[in-house]
Amino acid sequence: MPALSTPKQATEQRQASLVAAALALAAQRSPADVTTADLALAVGITQGAVFRHFESKAAIWLAVMDTVHHDLLARLHAAAETQAPPLVALRAVFMAHVDFVLEQPGVPRVIFQELQRPEDTPLKARVRGLMQDYRHLITGLLQRAQAARQLAPGTNLQAAAVLFIGSVQGLVMQSLLSGQVAAIRPLAPAVFDLFQQAVAAPPSRTRRSPQETPA
């Protein structure tokens, strides 16, 4: 006989369902247009029941961003750790981020919309925290690549991290503008190749011995 859920577990499950519904709806329309009535309908509860699990609509979006932060960073760290050479790890992280966006197209809509607000908000602070942790991961991989002499001499690591993240964001923004999110997957490897060409050390050239020098 399956164990019965405790009230706390039931609440956590309902909160997770509302977060998932918010992200799914954000993939279809502006997150600002998603109402608690929409969320209630998507989950199959009354609108009043939504507020038994979250105190406000703003609290739902904060929970959404906390979930995104956890899930995205976990995936990126896993991608980085499975690849030993730093530049190969960076490629794996790049592609892992692209794949995450393909699975969760509502995420960039939430982030980009919040960053457009001129005022500071708790949700914008959450987005900043995500970006700081993201930059920390990328800068760490770039430091490893620099130590392994895989980067061009004098490469500015902070600028390289900005270029990396900006390359992913540019792909995502173009996909949102065109309405074809899936189109970023086949283009992503070529975009990363351009990033790598910008920061990678030039290939070493083996000097010819005097006997190999053509007459």
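Modeller: Begin with the largest cavity. Helix 5, helix 6, helix 7 and helix 8 (157-178) each supply at least two residues of its lining. Keep in mind that this is a predicted model.

Biologist: How is such a space found?

Modeller: Rolling a probe the size of a water molecule over the atoms shows where empty space is left. Here the structure holds one cavity of 30 Å³ or more. The volume of the largest cavity is about 170 Å³.

Biologist: Which helix gives the largest share of the lining of the largest cavity?

Modeller: Helix 6 does, with four residues. The lining has 14 residues in total. Nearest the centre of the cavity lie His97, Val107, Pro108, Ile111 and Gln169.

Biologist: How do the lining residues of the largest cavity divide into nonpolar, polar and charged?

Modeller: Twelve are nonpolar and two are polar.

Biologist: Now the largest pocket. How much space lies in it?

Modeller: About 210 Å³. The pocket is lined by 13 residues, and the closest to its centre are Ala58, Trp61, Glu114, Arg117 and Leu123.

Biologist: Which elements give two or more residues to the lining of the largest pocket?

Modeller: Helix 4, helix 6 (106-115) and helix 7 (122-147). Helix 4 gives the most, with four residues. By type, the pocket lining has eight nonpolar, two polar and three charged residues.

Biologist: Helix 4 also packs against helix 5. How do I describe a pair like that?

Modeller: Two packed helices are described by the angle between their axes and the distance between the axes. For helix 4 (residues 57-81) and helix 5 (residues 86-103), the angle is about 145° and the axes are 8 Å apart. Their crossing is right-handed.

Biologist: Which residues make the contact of helix 4 and helix 5?

Modeller: Helix 4 brings Val68, Asp71, Leu72, Arg75, Leu76, Ala79 and Ala80. Helix 5 brings Ala89, Ala92, Val93, Ala96, His97, Asp99, Phe100 and Glu103. Ten residues of this contact are nonpolar, one is polar and four are charged.

Biologist: Let us step back to the whole chain. How many helices and strands does the protein chain have?

Modeller: Nine helices and zero strands. From the N terminus on, the elements run α-α-α-α-α-α-α-α-α.

Biologist: Is the protein chain spread out or a compact globule?

Modeller: Compare its radius of gyration with the globule rule. The radius is 22 Å, well over the 17 Å that the rule gives for 215 residues, so the chain is more spread out than a compact globule. Along its principal axes, the C-alpha trace spans about 85 × 45 × 30 Å.

Technical notes:
Residues are numbered from 1 along each chain as its sequence is written. This is a predicted model: local features need pLDDT of at least 70, side-chain atom pairs count only at pLDDT 80 or more; totals for chains, interfaces and linings use all residues. Side-chain values use heavy atoms; hydrogens and water are left out. Axes are lines fitted to C-alpha atoms, for helices over the stretch in contact, and angles run from 0 to 180 degrees between N-to-C directions. A crossing is left-handed if the near helix is turned anticlockwise from the far one by less than a right angle, and right-handed if clockwise. Contact means heavy atoms within 4.5 Å. Ala, Val, Leu, Ile, Met, Phe, Trp, Tyr, Cys and Pro count as nonpolar, Asp, Glu, Lys and Arg as charged, and the others, Gly among them, as polar. On a 1 Å grid over the protein atoms alone, a cavity is a set of points where a 1.4 Å probe fits but cannot get out, and a pocket is an open set with protein on both sides within 12 Å along at least five of seven lines; lining residues have an atom within 4 Å of a point. Grid points are joined across faces, edges and corners, and a volume is the space filled by probe spheres set on the points. The radius of gyration is taken over C-alpha atoms; the globule rule is 2.2 Å times the number of residues to the power 0.38.
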